[in-house]
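Please keep the sequence and the structure at hand while reading.

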Amino acid sequence: MAEAVFQPPRRKRRTFESYESPFPVDVDGKDFRIYQAEIINNNVVVRNPEDIEQLYSKGYFGKGILSRSRPMYSVSDPLLITKWQGTNINLPIIASKKYQYHVQWAKSILQEQGFDDCSISKILENYTKPLELKNDGAEQTGDCCNRMDPSTENVELSRNSSTDTGNAVPPSHECRNQKEGYKKASLEGDPACDPLAVCGSKAQEPPDLKEIAEVSCQKHSFLVRCGCKAKESTEQRCCETVASKECAPEYVLVQEEEESSLCPEDNSAGEQGNFIKKEKLVCRRNPFRIFEYLQLSLEEAFFLVYALGCLTIYYGEEPLTILKLWEVFSEVKPNFKTTYMAYHYFRSKGWVPKVGLKYGTDLLLYRKGPPFYHASYSVIAELVDDNFEGSLRRPLSWKSLSGLNRTTVNASKELMLCYLIRPSNMTEKEMSTPECMKRIKELIVTRWVSSRERSEQDEI
């Protein structure tokens, strides 16, 4: 049989990030860090934003639950950010329709918790009412929704457009200069500017804000579906800061519209339907926050724990040991031992394996990472004995193998069969620990193209 020919990986044309490191650990070990994860519904989830950034940027471990790959989800609308880019306010900007979706989601959560319609309306009305902005070192500017004078246009961010002609009415040059002259408005983190920073004072706090804070925590626990509580955090480590961030209110700028009649001197007597549609940004609290988490596959999570020793996985309040994880992951995924052995082998060879479910295989192999190269190989892993016999997880006929190979080739990849050879004298007790990998041998089989072999022989 001819020797397998490994083709060079196909590089992506556009790359928007730089390569940092193959693993989230330092070679010298000076800045060694233990990352935190937890098991939620048989999934391994990382919640700390700093851990998420390190694990994905250094080795491309995991996937964002709300993003395509890199966890970079934001509630802001990119088109609105571009539209209002001259406002100099560092807050998420969303459309009014999207904000109403968040209100409806929060309403459904409150209904499931047993609140009556009157209480729900009162809670949401108090929580989503317009907030006042305050400039650094300046006096309070007033309500964003009610003030329309030029002195507060930098906060209100009004934008006028004519609905009759479809042409936008540009703001005056004086207003633009005022927008540029004001400092960046701030809300969160400054007790003088944050209307919720004094929630501990009963004199300044509305009676429903305490209920809102509790509802916020309960709502988030329903969203994550893990039953965790922000006040009774299971990890007293860095999770306390994560919980406080999740329960803290999120401020957003909502683009809203209001219609007003034209000035009398500009409006003729015959035209009664003319009006101006004013678009403005109103600061409100987001009643339904959505958090981006990093979800690790079982193979990735165990590799970080066993091979690199840089991850601790918790189930409830208990950190799980390596042997316990090997046992739990094998129960959750019956073929976990086979797929992890293949994952460990390819990771040690410098590849970045990812889940190959979308191509009907076990793994996809990337060089350096998905942002830089397309996947080169689709891998099927099988555990066999010395005689290449055993209960195969996927018995392939010639017909199914041909179809799988055609699917892989159409995606510019090569199909690879990875046989993990288990010694005949290895017992089940030895397989119950990850130390069994020391006695496992690997055999890689790729497709042999007879025409290619004949052409090479003719050249010789």
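Helices H3 and H4 are oblique to each other, a class for angles that are not under 35 degrees (roughly parallel), over 145 (roughly antiparallel) or 65 to 115 (roughly perpendicular). The model is predicted: local features need pLDDT of at least 70 and side-chain atom pairs 80 or more, while totals for chains, interfaces and linings use all residues. Residues are numbered from 1 along each chain as its sequence is written, and side-chain values use heavy atoms, without hydrogens and water.

H3 covers residues 96–112 and H4 residues 117–127; their angle is about 140° and their axes lie 10 Å apart. On the H3 side, Val103, Ala106, Lys107, Leu110 and Gln111 meet Asp117, Ile120, Ile123 and Leu124 of H4, where contact means heavy atoms within 4.5 Å. By class, this contact has six nonpolar, one polar and two charged residues.

Thr339 belongs to helix H11, residues 336–348. Is Thr339 buried or exposed? Thr339 counts as buried because its relative accessibility is 3%, and buried means under 20% relative accessible area, with a 1.4 Å probe and protein chains only. The side chain of Thr339 has these partners:

| Partner of Thr339 | Distance |
|---|---|
| Glu299, side chain | 2.7 Å |

Leaving aside neighbours within four places in sequence, Thr339 is in contact with Glu299, Lys333, Asp362 and Leu363.

Key. Axes fitted to C-alpha atoms, helices over the stretch in contact; angles between N-to-C directions. Helix = DSSP H or I, 4+ residues; strand = E, 2+ residues; numbered from the N terminus. Nonpolar A, V, L, I, M, F, W, Y, C, P; charged D, E, K, R; others polar. Buried < 20%, exposed > 50% of the residue type's maximum accessible area, 1.4 Å probe, protein only. Polar contact = N/O pair within 3.5 Å; in protein donor to acceptor, adjacent residues only side chain to side chain.
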